[in-house]
Amino acid sequence: MTAAATALSVELIDVHKHYGTFHALKAVNLSVREGEKVVVCGPSGSGKSTMIRCINRLEAHDGGTIRVNGVELTDAVKRIDAVRSEVGMVFQQFNLFPHRTVLDNCTLAPRLIRGLSKSGAEDLAMKFLHRVRIPEQALKYPNQLSGGQQQRVAIARALCMNPKVMLFDEPTSALDPEMVREVLDTMISLAEEGMTMICVTHEMSFARRVADRLVFMEAGQIVEEGGPEQMFTAPVQDRTRAFFNQIQH
Ligand code: ADP
Ligand code: MG
């Protein structure tokens with residue numbers, strides 16, 4: 001499908017965000033088409049999490065326009081709920097409910113929000129626990145799993161809502177090195193199935209493999225964006241070059 005024939009999944013137009021007097025997002029513009037995979041990188045404090053959190057309204061932006069699947073994010077609660085139910089989010093800290101089993105973590109939202117029956121939701125959850133290759137962990141509690149397994153549960157939980165777009169905010173940063181691979185492999189297979197993805201990560205092997213576009217942020221702005229090869233080898237901005245030299249890919 002040509003780019004022109006593909007609908008916009010996420011659209012940020014001149015988006016601003018303040019925390020008190022601090023200007024965290026400054027005129028951010030970003031368009032992500034259905035099926036596109038965008039990797040966001042940049043130094044700590046550059047606004048990556050803020051941007052991701054504004055896309056599913058965990059933070060409210062205070063200037064500009066954000067549209068998700070064509071719906072503008074405003075204070076209208078019904079719309080926000082509708083948008084959120086179609087946006088999967090995976091955080092650095094897995095944010096699983098500790099007092100619920102893996103299976104319950106996955107069935108909760110489909111039951112409450114989609115109105116699925118217990119058995120229907122469990123069938124769905126098992127399908128996605130197979131998908132992330134940990135069906136045998138279904139009846140355990142999160143603290144009985146490794147970090148890599150917990151993060152795969154978090155991905156399965158998000159997939160149970162049949163999201164149109166998945167947002168990842170440094171999903172491997174809290175993991176021991178030997179567990180990074182299994183989570184990245186899960187993300188790669190998701191990408192290869194055509195999921196629309198916006199991923200904040202500094203895993204440049206992942207970016208090289210799946211990103212259609214790499215976005216570099218600094219001080220609340222998108223400084224530069226482009227294909228991964230171009231960004232790695234011939235960035236236009238000095239700041240982008242300095243960043244990539246620093247993180248080594
Ligand atoms: P990144 O994810 O790129 O590290 P963040 O989006 O988390 O950056 O933060 C961008 C800037 O906004 C940082 O300077 C951070 O301290 C500030 N910030 C983030 N969240 C808040 C908040 N809830 N209140 C005040 N300042 C915040
Ligand atoms: Mg962050």
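Reader: In this predicted model, how far is the sulfur of Cys 160 from the closest cysteine sulfur?

Author: The closest cysteine sulfur to that of Cys 160 belongs to Cys 106. A disulfide needs the two sulfur atoms within 2.5 Å. The pair is too far apart for a bond, at a distance of 4.8 Å.

Reader: Is Cys 160 buried or exposed?

Author: Buried means under 20% relative accessible area. Cys 160 has a relative accessible area of 4%, so Cys 160 is buried.

Reader: Which cysteine sulfur is nearest to that of Cys 54, and how many disulfides are there?

Author: Cys 54 is itself buried, at 0% relative accessibility. Cys 54 is in no disulfide, and the nearest cysteine sulfur, 18 Å away, is that of Cys 199. With the cut-off of 2.5 Å, the number of disulfides is zero.

Reader: Which residues of strand 7 point the other way from Val 165, Leu 167 and Asp 169?

Author: In a regular strand, side chains alternate between the two faces of the sheet. Strand 7 covers residues 165-169, and five of its five residues are buried. Val 165, Leu 167 and Asp 169 point one way, and the residues that point the other way are Met 166 and Phe 168.

Reader: What is the bridge partner of Met 166 in strand 8?

Author: Strand 7 runs parallel to strand 6, with four bridges between them, and there Leu 167 stands opposite Met 89. Strand 7 also pairs with strand 8 (residues 196-200), again in the parallel sense, over five bridges. In strand 8, the partner of Met 166 is Met 197.

Technical notes. Residues numbered from 1 in each chain as written. Chains lettered and ligands numbered in written order. Predicted model: local features only at pLDDT ≥ 70, side-chain atom pairs only at ≥ 80, totals over all residues. Heavy atoms only, no water. Buried < 20%, exposed > 50% of the residue type's maximum accessible area, 1.4 Å probe, protein only. Helix = DSSP H or I, 4+ residues; strand = E, 2+ residues; numbered from the N terminus. Pairing = 2+ DSSP bridges.
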